[in-house]
Amino acid sequence: MRFIPSILRSFPFNVMLYFVGFLSPPLPAAAASYDRIQTLSMDEGLPHSDVNAITQDRDGYLWFATFSGLSKYDGYRLQTFRTDNSDLTSDRILCLFVARDSSLYIGTESGGLNRYDPVSETIFPVAEEPTTSADQVINNIFEDRKGTVWVCRNDGLGYLTLRGATTYLHVKNRWRGFYIQCGTALDSCRLLLSTDAGPVIYNPETEEIQNILRDEIKTRCFSMQSFADGKIALSGGWGVRIYDPKTDDLQRICDFSSRVTTQDNHGNIWVGSFNRGLYKYDRNGIKIVHYHPKLPIPHAVNSFEISALFEDRSGVLWIGTIGGGLSRLNVVEKHIECYTEAQGLCENRIITFLEARDGILWVSTHGGINLFNRSSATFRELRINGLPSIQFATVSAFFMAENGDIWLGTWDKGLWVIDSRDIDRAIQTGQVRARQLKHPVIDGELSVFRIVEDRDRHLWISSNRGCFEYIPSHGDFKTGQWINYTHNGDDPNSLCSNFTTDIYPDTVTDNKTIWIGTRSGLNRIVFDADGKANSQRIELAATNARERKVCSSDAFISTIHCDRKEGGVFGSQRSAKVSSL
């Protein structure tokens, strides 16, 4: 679910700063201990003790691939899809993948590829076109940087296309008949694939193939896992290596046969072996902990053979095993710490905050901006342009651009940008320079409430002077074009009000759609195929989701949320009433 804070200036309240779990300082390696592992087995409803793959969909549900069907887990109950209660083509599930459009793709051992539609909650077989293969084994599914979904099979490399409402699988002639175990996107054009002879780089546009790492890896990789820093973990019978595509360097992690590797959100590397259990390493490859069934501790992992690893969005590591069912491990104990003025916070009333790329938390309060260092659990008060931040402006919105710059939206003092080079020095010096964005409308009287980014990397800014769209020039956020959407009393499709409270770029519509909340109603801007913006006012429904009856055209919209299951957009009004469209 997506949580959006309301406009705090309109609804001020006193709030302490609470950090949960992931913001707590990590324990040093010397203090590491065995964490409690809990097991989800057939006794709890898991259909099989072998778990081959784990993933989480956009709505937060966890999915488990087993040899007796596909299980959906909501945190309390397991729902299992099989061939006898759905259109699943095989109960023997090998791999899972959630695509950008929220579809769940299901690779089977004997029934080819299936797709789960989260809107209709049904499973459909994916047809191969043309049907030329009798081999229905799907080993791995992944997506490239352009959004194409690729399918690794025993007899080739396939890709998916959409025609109308139907998805089709096509096999690349270049790879027809070749065994492809797994793959991942290497950059915007190339793929990294695992073959029987080792890893290769493949360019689908030019059909070029480049053999790599043959001195180190001469056989197939069982799995490939891309890390946040762009490096790729390669796992196989020869162990685990971390490949850096920028330098072609390999970092050795271990030499024992390993089936799967993942990295948690603290940078730790987890390795699932074939016959030695589960290992945890730090980012430098130093072993921290080894989990196996014979450990003299309660709740140990239930199998020596680890088949799947996945960290969910709450920081729980899920461990699929062969013969031991499913285990879950809290990577970090979820305790809550409260930080107030006594710990160095400028003021106890929090407006908004942002986690920068270096992990530093920027906290805007009614008393200024603090920089919070998680490793030392310390605050530093920020000075902007030589002034204490509270004298500079009250910051109501943060946004970090692709180039590393931080945008500041303020109350009454417009939009400002801090250069990425200053951000790198901020935690040491507590000093940054900010430049004001110049625009005929964006001046010192502008109040900014929210800054978001759409699918085209355009920025959208809600303010007291309408809604602004910023179109960066050639990917450079330092220069660009401004478009101001405002209220016009003579245009019934203009914004309901110039006081825009929230913005939500819809992620599931075919045409780019931007939802805009105002203090007088809800608007929607839809862009056609030529990029032309078409605005309309939306009447809110108040009776039931089926009738969609008109309730009010004068509603204060404080938040907007997209419910992917219902396919609706919800605006919550000042009275806390929720309406659906």
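# Briefing: strands, hairpins and cores

T80 sits in strand β6, which covers residues 78-81; helices (H or I, at least four residues) and strands (E, at least two) are DSSP runs, numbered from the N terminus. This is a predicted model, in which local features need pLDDT of at least 70 and side-chain atom pairs count only at pLDDT 80 or more, while totals for chains, interfaces and linings use all residues. Residues are numbered from 1 along each chain as its sequence is written, and side-chain values use heavy atoms, with hydrogens and water left out. Here is a friendly tour, grouped by topic.

**Confidence**

- The protein chain has a mean pLDDT of 83, and 84% of its residues reach 70 or more; pLDDT is the predictor's confidence in each residue, from 0 to 100.
- Residues 1-33 keep a pLDDT under 50, and the model gives them 75 contacts beyond four places in sequence.
- For residues 574-580 the pLDDT is also below 50, and this stretch has 18 contacts in the model beyond near neighbours in sequence.
- Where pLDDT is low, the predicted coordinates should not be read in detail.

- T80 counts as buried because its relative accessibility is 15% (buried means under 20% relative accessible area, exposed over 50%, partly exposed in between, with a 1.4 Å probe and protein chains only).
- The side chains of T80 and S71 are joined by a polar contact of 2.9 Å. Such a contact is a pair of N or O atoms within 3.5 Å; within protein, one must be able to donate a hydrogen and the other to accept it, and residues adjacent in sequence count only if both atoms are side-chain atoms.
- Setting aside neighbours within four places in sequence, T80 is in contact with G45, P47, S68, G69, L70, S71 and N85, where contact means heavy atoms within 4.5 Å.
- F310 belongs to strand β28, residues 306-311, and is buried, with a relative accessible area of 19%.
- A53 lies 257 residues from F310 along the chain, yet their C-alpha atoms are separated by 8.4 Å.
- Not counting residues up to four places away in sequence, F310 touches I54, T55, Q56, L62, V316, L317 and W318.

- Strand β13 (residues 149-153) has five of its five residues buried, so the rest of the structure largely encloses it.
- V149, V151 and R153 point one way from β13, W150 and C152 point the other way, and all of them are buried.
- On one side β13 runs antiparallel to strand β12 (residues 138-143), joined by five bridges; two strands pair if DSSP finds at least two bridges between them.
- The β12-β13 hairpin has five residues between the strands, and G147 there takes a positive phi near 95°.
- β13 is also joined to strand β14 (residues 156-163) by four bridges, again antiparallel, and a hairpin links β13 to β14 through two residues.
- W150 stands opposite F142 and also opposite Y159 in β14.

- Strand β44 (residues 459-463) is mostly covered, with five of its five residues buried.
- L459, I461 and S463 on one side of β44, and W460 and S462 on the other, are all buried, which leaves both faces covered.
- β44 pairs with strand β43 (residues 448-453) in the antiparallel sense over five bridges, and V448 stands opposite S463.
- The β43-β44 hairpin has five residues between the strands, and R457 in the turn has a positive phi of about 65°.
- Five bridges also join β44 to strand β45 (residues 466-473), running antiparallel, with F468 as the bridge partner of I461.
- Two residues lie between β44 and β45 in their hairpin.

**An open sheet**

- Four strands form an open, antiparallel sheet in the order β20-β21-β22-β23.
- β20 (223-226) and β23 (249-254) are the edge strands, each with a single partner, so one side of each is left without a neighbour in the sheet.
- β20 pairs with strand β21 (residues 232-236) over four bridges in the antiparallel sense, and A233 is the bridge partner of Q225.

**Nonpolar cores**

- The largest nonpolar core has 22 residues, of which W362, L382, I384, F398, I406 and L408 touch the most other members. A core of this kind is a set of buried Ala, Val, Leu, Ile, Met, Phe, Trp, Tyr and Cys residues joined through side-chain atoms within 4.5 Å.
- The elements giving two or more residues to this core are β34 (368-373), β38 (395-400), β39 (406-410), β40 (415-418) and α2 (420-429).
- Apart from that core lies another of 16 residues, among them A397, V417, F477 and W482.
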